[in-house]
Amino acid sequence: MEIIMTVLASILFAIGVYNLLQKQLLRIVVGTVLVSHGAHLYLLTMSKLKRGAPPVLEDGVTQYADPLPQALILTAIVISFGVTSFLLVLAYRTYTLNKTDNMEELRGNEHD
Amino acid sequence: MTNLMILPIVLPLIASALVAFFPNKLNIVRPVSMILSVIFTIISAYLTWYVFSNGTIVMQSGGWDAPFGISIVADPLSMLLVTTTYIVSTAAVFYAPSSLDEQQERFYFYTFFFLLVSGVAGAFMTGDLFNLFVFFEVLLIASYGLIILGNGKVQLRESLKYVLFNLFSSMLFVISVAFIYAITGTVNFAQLAERIESVDQQGILTTVGIVLFFVFAVKAAVFPLYYWLPNSYAVPNPVVSALFGALLTKVGIYSIMRVFTLIFVHDTGITHQIFLWLAVLTMVFGVIGALSTNNVKLIITYNIIPAIGFILMGIGLYTETSLAGSVYYLMHDMVIKGALFFLIGALVVAAGTSDLRKMSGVIQKFPLLGWLFFIASLVLAGIPPFSGFIGKLLLLQGGLQQEEFLVVIIALLSSLLILFSMMRIFIRGFWGEVQEGITTNRKKVRNLTIPAAILVSISVFLGIGAEAVYPHIETIANMLMDRTEYIDSVLKE
């Protein structure tokens, strides 16, 4: 199960990076979303995937799930959600003001 | 007393919520922000004094003991940087009303400002790797809010690159946290430091360490990853640039310092040697950038980069002397970068342009501004007896002890070139015939100069009063080299 998840995360990461390297702004935003999904899946996978066991910290309990990665991933998801929505608005404003969504034309020079 | 250590993080958070309620009542928000900043500075200075005299204080949040809960660690290094942050940010609050126009202030400048300070203080004080990520995001989101203030065409374009870059490196941060958790089973700094030696596959650990270094290097603007910095830091309002230049990159380099003196010290032959060469390249390329442009804002922004190189050099050398030099230089650079950005902001207002070729003779109309800029340049370049000199002296001593002569020579040459790049502004901009179009609004320039004057005088004190400051820096360097004290104070039974 961990292997499948890792492969899935890698695929997400690869597609994300591919999109990040595109010129169109919206594709880049989609790229960041995919990269962050990949990162979150890694985070979840890294502590071994277990089902049906409660997160208990007591002597004598052998079957328990690790609650920490869930806490971490939840925080990371919330943060990347917030940043992504900000990024969308920023990308839209940049597009309306600069009248282009092509990164090549958004390069700019020193004295403007 | 233990619980009070959260104050430097919580107080600005409360203040940011408080001022968010009255965005349009500037005549209330301005004085309230100023008073609150001064009070916070006094509180954090008192806490720093307490930590320096009584040793490290660790707050376990929620009453969960160290490896399970999140520890807030107030050790001398963190507290020193937190106080420096507060001093710079207080100066920024006094600078802001004259620098920003009213509409920009109404768009929640003070809210984002306090949020930024809260995030920076949290990043300095946290003792938990994932919590460091969270505080990074707090300060980054605040910085996104600040960088787009003004809403200009160029500004949005550059902010977009800044946001994208930081977003990507944040995701790398999450991934490296995942790797570290998989290898060691913890994200607490102290427990990581304890477990790092017992890990079987040291090679993987080194790799993960370098991935983490990349994350911090993006925030700190180390050599191959600095190209997002100059443009995005030069376009916003001077007060925002000053906050970014003085605080944000320093959080990155602080994280490198913390992580690579506390946790990843198992293979210094690889990691720290890489740092040393990256530090050299950072200095060289930063200085070349500073000499390559005629835009005064860009010159100062490029000068952030060699400073990061100097601090990284101390970490790469990894001796007690060089770390003391790094800490001293870090503290000095926070203050003087704030001051320089303020002065450049004032200069641009005074001259009415940021193009060096078009300005001249400013010193004849604004002598105080001119001389302050002169002193600040000397401080930055490290001319004795100013504070840059003490830091560089310690760094070079460390370099000579390790017999890294080439590194020392390049460091010396690049400080000479830093001085040259600053003097270029002084000679071309301040000397000569009085140019046309120089501002008549003397009051505004004066208001912009005063906060800078305060910061410059603090940094002159750091140099002349080195006798009083240095012993504390030495204590910090001792603690950085001897990891047991940090580990014991966090994981005490």
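A salt bridge here is a side-chain nitrogen of Lys or Arg within 4 Å of a carboxyl oxygen of Asp or Glu. Before going further, note that this is a predicted model, where local features need pLDDT of at least 70, side-chain atom pairs count only at pLDDT 80 or more, and totals for chains, interfaces and linings use all residues. Residues are numbered from 1 along each chain as its sequence is written, chains are lettered from A and ligands numbered from 1 in the order in which they are written, and side-chain values use heavy atoms, with hydrogens and water left out.

Helices are DSSP runs of H or I with at least four residues, numbered from the N terminus. Glu105(B) is buried, because its relative accessible area is 2%; buried means under 20%, exposed over 50%, and partly exposed in between (1.4 Å probe, protein chains only).

Across all chains, the whole structure holds 10 salt bridges. Another one joins Lys161(B) and Glu158(B), with 3.6 Å between the closest N and O atoms. These two are about one helical turn from each other because they are 3 residues apart in helix 7 (residues 153-184) of chain B. Glu158(B) is buried at 5% relative accessibility, while Lys161(B) is partly exposed at 23%.

Now for the surface. Leu400(B), Phe405(B), Ile409(B), Leu413(B) and Leu416(B) make up a nonpolar patch with about 500 Å² of accessible area together. Patch members have over 30% relative accessible area and no salt bridge; nonpolar side chains (Val, Leu, Ile, Met, Phe, Trp, Tyr) are joined within 5 Å, like charges within 9 Å. Areas come from the Shrake-Rupley method with a 1.4 Å probe, and for residues only the protein chains shown count as cover. Helix 19 (residues 405-430) of chain B gives the most to this patch, with 4 residues. Phe405(B), which lies in helix 19 of chain B, is partly exposed because its relative accessibility is 46%. Just after that helix, Gly432(B) takes a positive phi of about 90°.
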